[in-house]
Amino acid sequence: MRMRKRQFGIMADLASLLLCGLLAGLVVAAAAFPAIAMSGLLAKTGSDTFESLENPLEVLPSPQISYVYASDQKTLLAMMYDENRRDVKIDDVAEVMWQAMVAAEDNRFFQHRGVDVKGVARAFVANQNGSDQQGASTLTMQYVRQAIAYSARTPQEVVDATDKTPTRKLREMKYAIDLEKKLSKRDILERYLNIAPFGHGAYGVYAASHVYFEKDPKDLTLGEASLIAGLVKAPGTLDPATSEGLPRALERQKYVLNQMVNMKFIDKATADAAVDPKIKIVGKRTPEGCESIQRAELGAGFYCDYMRRWWLDQKVFGEDQYQRANRLRAGGYTVISALDVQTQTAAAKYAKEQPKDVAKDQQVRMGQSNAMMLAAIQPGTGRVTALATNRVFSNDQTGNGGNTNPTKRGQKGNWPNTTVPIITGDADTPGYQAGSAFKIFTAVAALESGLPLATTINVEKQFVSDFPINPSSDAACNGAHYCPKNSGGQTGPYNMWTGFGSSINTFFVPLEQQVGVVHVVDVAKRMGIQFNAPDDAKLANDPKYWGAFTLGVSATTPLQLANAYGTLAADGLYCEPTPIVEVRDNSGKKVDGLDPRCKQNIDPEVARAAVDMARCPVGDQSATGKCAGATARYSRDFVKRPIAGKTGTTDSEKSATFTVMTKQLAVSGFLTDPDWPETNVDMKHPPVNFAALGVLRDGLAGQPIVPFTPPTNDKTQGKLVDIPSVKCLSVDQARARIKGAGFTVSVAAGPVASKCPPGTVDHTNPAGATTRGGGVQLVVSGGGGPGGGGGPGPR
């Protein structure tokens with residue numbers, strides 16, 4: 001047994017001698033040192049291996065941290081990284097830092113040509129004498145090893161770059177020699193300082209300076225620099241931010257300082273003065289990702305996540321989402337987001353509480369399950385300036401309450417913590433019903449069809465439409481016809497100003513029927529409604545029977561709706577929503593292809609007319625003074641600047657929405673239960689109304705008041721043609737008279753109570769006048785009631 005151990009030891013010594021001799025001999029030859037005779041199989045084999053190595057060294061950029069800022073370019077929102085690293089020029093590094101690095105890792109750095117033959121020999125002797133194992137890697141070779149690992153494209157290449165084999169050592173030596181022929185010592189040192197690991201999640205001298213001392217590397221003192229430089233030898237065990245690592249790091253620091261003295265960088269007195277056992281170590285790991293958002297009071301985690309999701313869809317950052325995600329976390333980008341600190345601050349605040357100047361009789365307390373979701377966007381650019389909700393962006397749901405959805409009993413809900421994109425939506429979160437806010441799309445379609453805002457319809461308490469519906473539906477009547485009602489029971493003549501101001505269902509469903517729901521849905525698409533819910537998408541592809549569309553039964557999100565209304569504020573210029581103003585790459589160059597993507601999807605005059613109409617619900621006044629009725633009359637006085645917008649409520653008030661805009665900003669607020677959008681809890685309007693108004697008011701504070709552009713007379717009054725009176729005429733007589741006046745004629749699906757004889761015509765829709773060649777519907781009397789209409793109504 002003793003003989004076997006002795007034989008094993010001899011073999012190990014021979015192997016070590018063989019390897020070290022091979023390396024030292026080859027290095028001497030390759031580095032063009034004085035000629036040394038090499039002979040025999042060993043030299044030939046080593047030389048063949050040395051010459052067969054690939055050349056040149058391909059160095060890919062090492063991972064760099066990306067920073068996300070607010071639009072002011074000062075407020076840091078988030079940091080994205082796989083490795084916390086930010087490359088710096090050596091000119092931005094304190095001189096004592098790079099001196100300490102050389103002293104710590106390679107005190108012959110300025111003498112050798114990439115490989116230190118003396119170091120190889122010294123390591124061999126020390127290792128053979130049973131001393132602590134020593135390496136012979138120069139600083140250049142260490143850089144090469146790191147660069148090869150970061151440039152690896154496969155897992156095997158990573159293993160090959162770090163495996164302790166003769167081939168790896170030979171590769172490092174050859175590349176180190178080649179590198180020293182191409183780069184100056186200063187360039188190599190700069191690269192090494194930026195690639196070296198320093199522990200505690202810090203890679204490169206910039207990250208290390210901030211993690212340990214919260215300062216830039218140019219501001220490091222000798223004591224701080226010598227401590228950091230010593231960590232590279234063993235970043236894990238020397239971590240000065242731990243109680244176990246600090247004593248070791250301080251001992252290593254003394255070694256570094258002594259080496260600096262030996263190299264004449266500093267004198268002994270300076271070295272002694274740099275040692276401080278009570279040196280203050282911050283040891284703060286750099287926060288990463290959207291869950292570690294900076295400025296917590298901004299509540300910008302959901303905004304950060306929206307930016308990240310947007311990034312993954314941009315082809316400029318890679319061929320697929322994997323490449324794009326890698327670029328964000330390793331590309332060293334500076335992202336100037338569109339988040340406006342002033343607007344986001346207001347959104348974060350009012351997502352949780354109502355403005356303090358809300359009248360007491362308007363204040364309503366929200367339940368915990370209710371999500372207040374707010375989105376703000378800049379008309380004309382599509383830049384998203386704020387996203388907020390009364391939730392915390394976090395995956396930690398241990399303290400969350402139960403899910404309110406009856407089908408998900410026992411599961412965790414999304415309050416107070418969630419990472420579900422409830423404000424902006426995705427394939428799994430298509431959104432929520434917006435109610436009457438969708439009437440805007442019908443109005444735009446009507447204006448595009450040539451109908452002016454003065455178009456008048458004699459509304460009924462319940463309208464019998466031509467749209468088919470399931471007979472078992474609560475909205476069905478006269479068999480299988482869709483028959484909407486007005487919540488306030490309104491009847492009589494209304495035009496677009498008054499119909500939109502008072503949110504008259506039985507005005508907008510017949511108007512939708514007249515212009516065609518296909519046209520209305522097309523308008524919604526052009527203004528940014530995406531129809532992400534599967535059932536909605538199916539109907540949107542063939543919407544001709546979607547009678548309830550104008551009443552907001554399609555799912556959407558606060559961001560989509562804010563942008564749709566913002567399109568009108570921008571005179572019909574639709575812009576894709578974007579969370580960024582600018583992105584700069586690691587070299588500071590602006591990334592092209594990310595400017596606002598805008599298209600004139602709505603005629604400017606149509607948009608201006610729609611905005612004029614939308615001033616009515618919010619207590620403002622149209623340019624022609626035609627507004628009457630308002631569902632949020634207090635809004636104009638609250639904001640104190642020209643505004644337009646619309647409230648929205650679904651059936652049974654399962655959600656409440658409010659969208660409001662100026663020329664500079666559009667804000668949409670939703671109040672509903674994201675766990676259970678079909679909730680049976682009554683959602684009250686005041687909280688969401690005042691939250692959206694507060695964001696608009698505070699977000700624009702200090703900005704000039706910009707008036708809306710008045711619409712033309714063509715879009716307000718139009719060139720209307722009087723509709724002949726057909727009161728109590730037979731359907732055939734009425735049809736002939738209306739057709740003879742140049743209109744197209746249709747007959748309503750069901751009769752209405754009227755003093756006219758049953759089967760005769762009670763009134764027309766629209767009443768009074770309409771565009772030449774426009775559609776006129778005959779409403780037939782069922783008898784047995786008071787007068788339901790009469791002659792021509794007001795224009």
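Reader: What makes the place of Pro416 a loop between two strands?

Author: Pro416 lies between strand S8 (392–393) and strand S9 (417–418). Helices (H or I, at least four residues) and strands (E, at least two) are DSSP runs, numbered from the N terminus. The peptide bond from Trp415 to Pro416 is cis, with omega near 5°. This is a predicted model, in which local features need pLDDT of at least 70 and side-chain atom pairs count only at pLDDT 80 or more, while totals for chains, interfaces and linings use all residues. Residues are numbered from 1 along each chain as its sequence is written, and side-chain values use heavy atoms, with hydrogens and water left out.

Reader: Where is Pro766, and what is the omega of the peptide bond from Asn765 to Pro766?

Author: Pro766 is in the loop between strand S24 (761–765) and strand S25 (769–771). The bond from Asn765 to Pro766 has omega near -5° and is cis. Most peptide bonds are trans, and most residues other than glycine have a negative phi.

Reader: What is the phi of Ser503, and why is Ser503 called buried or exposed?

Author: Phi of Ser503 is near 55°, a positive value in a residue other than glycine. Ser503 is found in the loop between helix H17 (496–501) and helix H18 (505–515). Buried means under 20% relative accessible area, exposed over 50%, and partly exposed in between (1.4 Å probe, protein chains only). The relative accessible area of Ser503 is 15%, so Ser503 is buried. Glu214 also has a positive phi, near 50°, and is found in the loop between helix H9 (204–213) and helix H10 (222–230).

Reader: What makes Tyr67 and Tyr69 an aromatic pair, and which kind of pair is it?

Author: A search of the whole structure finds 19 aromatic pairs. Tyr67 and Tyr69 are one of them, at 6.4 Å centre to centre and 35° between the planes, and the pair is tilted. Rings of Phe, Tyr and Trp (its six-membered ring) pair if their centres lie within 6.5 Å; planes under 30 degrees apart count as stacked, over 60 as edge-to-face and the rest as tilted. Tyr67 has a relative accessible area of 11% and is therefore buried.

Reader: How do you know that the charged end of Lys185 sits over the ring of Phe109?

Author: The charged end of Lys185 is 4.5 Å from the centre of the Phe109 ring. A charge sits over a ring if NZ of Lys or CZ of Arg is within 6 Å of the ring centre and within 35 degrees of the ring normal. The charged end of Lys646 sits over the ring of Phe500, 5.7 Å from its centre.

Reader: What is the handedness of the disulfide of Cys477 and Cys483?

Author: The sulfur atoms of Cys477 and Cys483 are 1.8 Å apart. The torsion about this S-S bond is about -75°, so the disulfide is left-handed. Both Cys477 and Cys483 are buried.

Notes:
A disulfide is a pair of cysteine sulfur atoms within 2.5 Å.
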